[in-house]
Amino acid sequence: TSSSSSGINAEYGDFQDEGALHITSVDHSSRHIAIGSDSGVVNLYQKDDIYKSSSKPLRAIMNLTTEIDNTVFNSSGELLAISSKDLKHSLRLFNTNSLQCVPNWPTSNTPLAHVTSLHFSPNSGYIGVGNTKGKALLYRLTHFHSF
């Protein structure tokens, strides 16, 4: 760790995301770091593992096949939303406790179009989805009781 004249502490070190040539999206929660790539793979790491010289992903999420534009954790870090704008309906929710994608949403009838942005409400009761049609879609996540 180093301290600059501005009083900001900075960490120095190298981290190589396994298998990624071009990193396109990054987000973190209190326990995990998600790194999206141009190949459509999102690597999920335990936050403490990235400081190890040979860290391996906890899970490689390979449910999308085009460049990852968004990786967004909800406030508790229990859900990770990933999306790609290159193909219609390219959005997945990943449960970080079970290490599985949520199987029942979105469905083939969910009118997502090309997803450009994502965000969870403060208590994860909703997920907002922006798309290339200029629409902001709001979906209720009933697993979470508060909004």
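Visitor: I've got this predicted model open. Which strands do the five bridges join, and how do they run?

Guide: Look at β4, residues 32-37, and β5, residues 42-46: five bridges join the two, and they run antiparallel. To call two strands paired, at least two bridges between them are needed.

Visitor: Now let me zoom out. What order do the strands of the four-stranded sheet have?

Guide: Read across the sheet from strand to strand. Here the order is β3-β4-β5-β6, the pairing is antiparallel, and the sheet is open. At the edges you'll find β3 (23-28) and β6 (59-61), each pairing on one side only. From one strand to the next, the twist averages 20 degrees.

Visitor: And the three-stranded sheet, what is its order?

Guide: That one goes β11-β12-β13, again an open sheet with antiparallel pairing. Why are the edges worth a look? β11 (115-120) and β13 (136-140) each have a single partner strand, so one side of each is left without a neighbour in the sheet. The twist in this sheet averages 20 degrees from one strand to the next.

Visitor: How many bridges do β11 and β12 pair over?

Guide: Five, with β11 and β12 (residues 126-131) pairing in the antiparallel sense.

Visitor: Which residue in β12 is the bridge partner of V115?

Guide: Go to N131 in β12; that's the bridge partner of V115.

Note on methods. Residues are numbered from 1 along each chain as its sequence is written. This is a predicted model: local features need pLDDT of at least 70, side-chain atom pairs count only at pLDDT 80 or more; totals for chains, interfaces and linings use all residues. Side-chain values use heavy atoms; hydrogens and water are left out. Axes are lines fitted to C-alpha atoms, for helices over the stretch in contact, and angles run from 0 to 180 degrees between N-to-C directions.
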